[in-house]
Amino acid sequence: MNPTAAALPASEDFLGHPKGVYVCFFTEMWERFSFYGMKALLLLYLTKYHLFGDKAGLDLLGAYGGLVYCVPVIGGLLADRWLGMRKAVVFGGVLLVLGHIGMAFEGHAASSVGGIVSRDEGTLRITYLSLALIIVGVGFLKPNISTIVGKLYAPDDPRRDSGFSLFYAGINLGALFASLVCGYLGETLGWKYGFGAAGIGMLLGLGLFLWGQKYLHGHADPHAPETLRQRFWGVPREGLIYAASIAAVVPLAWLMWAAANGSFALAGEVSLALLLMLVVLACVLVWFGFFITRQCTPVQRQQMLALMALIFMALIFFTLYEQTYGSWVTFTDRLLTKDIFPSLVRAQEPVSWGAGLMANVAQFFAHAPWSMYSLVLAPVSFVVAAELSDRYPQSRLPKFLFVAVVAIMLLFMVRDSVILPQTAGSLTYLGALFLVLLAPVFAVLWAALGRRGRDPSKPFKSALGLVLAGVAFVPMALAAQQVGASGQMASVWWLVLAYLILEMGEMCLSPVGLSAVTQLSVPRVVSMMMGTWFLATAFSETLAALFGKLAAIEVPHGETLVLADAAGKYADLFWLMMFLGLGCGVLALLAAPLLKRMMHGAH
C-alpha cells in the first residue's frame, strides 16, 4: 500500500473532494458528536448531580481529557505497525459505543446533610469504567481517521489544506450538534438522555464507516496482514492487541477514580494520570530523538523538527482552548445570561415522566431539539447522493440533494439555538458553530491565496492562531469585571464574541496543523506523529484543568455564591490566559520564517 494516494479519477470527486473524505467527515462527525456531547455535560454532571466541588470535577475532567488524547500515540503506533487504520477505527468505535452507553447509567443524585455529601458510588464506578472505555476507544479511532484523510490526496494536491478544513468542519459539526442535542437533553430531560444520545451517535458513525470502505481504496487496510496472524503463546497477534487493550480499561478506570478523589496526587496537583502522560511523553521524545538522528535524511530531519514546533504551538493553543469546557462553562453557568435572543425563546413545559412507554416516548420527541433529526439526515443524504453519483456521474441531482439537506440542517440548528432555552452546557455549541461557518471561508481563503502564490506558511498561520486565542480572553475578562462592578449577570454576548475570536484562531492553527502532520512526517511513521499531535492535546487538557482550578469556586451546600468574589477570580484567570496566548504567539511569529525554511517547500 502506498503511503499517500495517487490522484483519484474525477468520478471519485464529490463537490470538489474525494468521496472518501466525506466518509471520514461523517464518521468523525458522529465520533465527535458522541465525545463532545459527553464532554459538554461531564463537569456539570459531576458538580450539579454528584455534588463534586469545582477542583475535584476539574481534576477528573483534566485526567480524562488528558488520557483521551494521550492514548492515540499508542493507537497510532499499533495501526502503523500491524492493525491498519480500518481495524483500528472499527475496534475503537465499538469501545466508544460501550463507553457512552455506560455513561447513561446516572444512578441516584447525591445528597448533602450537614455538609456531608452522600454519593451513589456504584454508579460512579460505572462512570469511571465508561470513561476508561472511551479513552481506549478514542486512542484507536482518533489518529487513524485523520490519517486516512491525508492518504486520499496526492502529495502535491493543492486541495490538501482545504480538504482538511472540510474534514475539520465535520469534527465541529458533530461538536455543534452535540452541545445542542446532548447538552440540552442532559440538563432538561435528564443526564441519561444526553449521554445515551452520544452513544447512539457513535453507533451510527461506525456503521457509516463500514459502509464507506469502497471509497477509501484500501488506504485503511493493514500493510502486512500476515503479521496479524503470527501467534504468540498460541494466540494471534491481532487477538493479543485487542485483549491487551481491553485489559488496559481496568487500570485506566482506577486512574479516573484516583483523579476524582484526589488520591495519590504528588503535591496535591500532579495526578497519577499526569504521571502516566509524562512517561508516555518521555518515551515519545526518546523515540523521536533516535528516529530523526538514525533513520532520517537531513531534509527529513528538519521537516520533522519543524513539525514538532507546530505540535508545541498546538499544545499552547489548546491549553487556552480547553478553558471552554472548564472555566468558561462554570463561568457561564454562574455569571452570564443564557439566551442569545430572549424575546424569541419559547418557554418549555416541565417534563413529567409517567408509567406509559408510548406517552414517555411522545413526550421525549416533543421536547427534543430538532437538530437530533439533522444528525440522521446528513449522513443518509450523503449515502444516497454518493450512490446516485456512482450510477449517474453527470447528474446534478446528487449534489442538489446533499446541499438541500445541509440547508435543512442549518435551519434546524438556527431554530434550536434561538427558540430553545439555553444552558451552560448547550452554549458550548457556539465554538463549533463558528468553526462550521468559518471553515468554508478559510478553505476558500487559503485556496485563493494559494492560486496567487500568497498562501501564508503553516508556521505563520499557527502563530496567528495563538495570538487570536489570547485575544479571545479579553471579552471574558471584561464580562467578569462587569459582574464584579455591577453585581448582576453579564450578557451572553460577551461569550459569543469570545468564541468568534477563539474559533478564528483555531481555523488558522488546527486544520493546517493536521495537514502538516501528514505532509511533514516520514510516511512510515505518519500515524505515530498524528498520535504525537494528540499527545500535545493531552497535556493541554491537563494544563487547562490546572489553570482552571485558579478560578475554582467551592460553595458549601446550601450557601449562596458571592458574585463579586467569583467574578474577581475569573477575571484574574482570563487576563492570565490572554497574556499567555499573546506572549507565545509573538514568539511563534518571530520563529515562523525559520520554520518555513526547515519545511523545505512543504508549504
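At 43% relative accessibility, Lys214 counts as partly exposed, a class that runs between buried (under 20% relative accessible area) and exposed (over 50%), with a 1.4 Å probe and protein chains only. The model is predicted, so local features need pLDDT of at least 70 and side-chain atom pairs count only at pLDDT 80 or more, while totals for chains, interfaces and linings use all residues. Residues are numbered from 1 along each chain as its sequence is written, and side-chain values use heavy atoms, leaving out hydrogens and water.

Lys214 has a partner in Glu387: their side chains meet in a salt bridge (2.9 Å, N to O), a contact that calls for a side-chain nitrogen of Lys or Arg within 4 Å of a carboxyl oxygen of Asp or Glu. Because Glu387 lies in helix α15 and Lys214 in the loop between α7 (191-211) and α8 (225-228), the pair ties together parts that are 173 residues apart in sequence. Helices here are DSSP runs (H or I, at least four residues), numbered from the N terminus. Glu387 is partly exposed too, at 25% relative accessibility.

What about helix α15 itself? Its 21 residues (371-391) reach 31 Å from first C-alpha to last, close to the 30 Å expected at 1.5 Å a residue; the expected span is 1.5 Å times one less than the number of residues. Buried residues of α15 include Met372, Leu375 and Phe382.

The structure holds 13 salt bridges. Another of them joins Arg32 and Glu31 at 2.6 Å, N to O. Arg32 counts as buried because its relative accessibility is 0%, and Glu31 is buried with a relative accessible area of 0%. Glu28, Glu31 and Arg32 are linked in a network of salt bridges.

Key. Helices (H or I, at least four residues) and strands (E, at least two) are DSSP runs, numbered from the N terminus.
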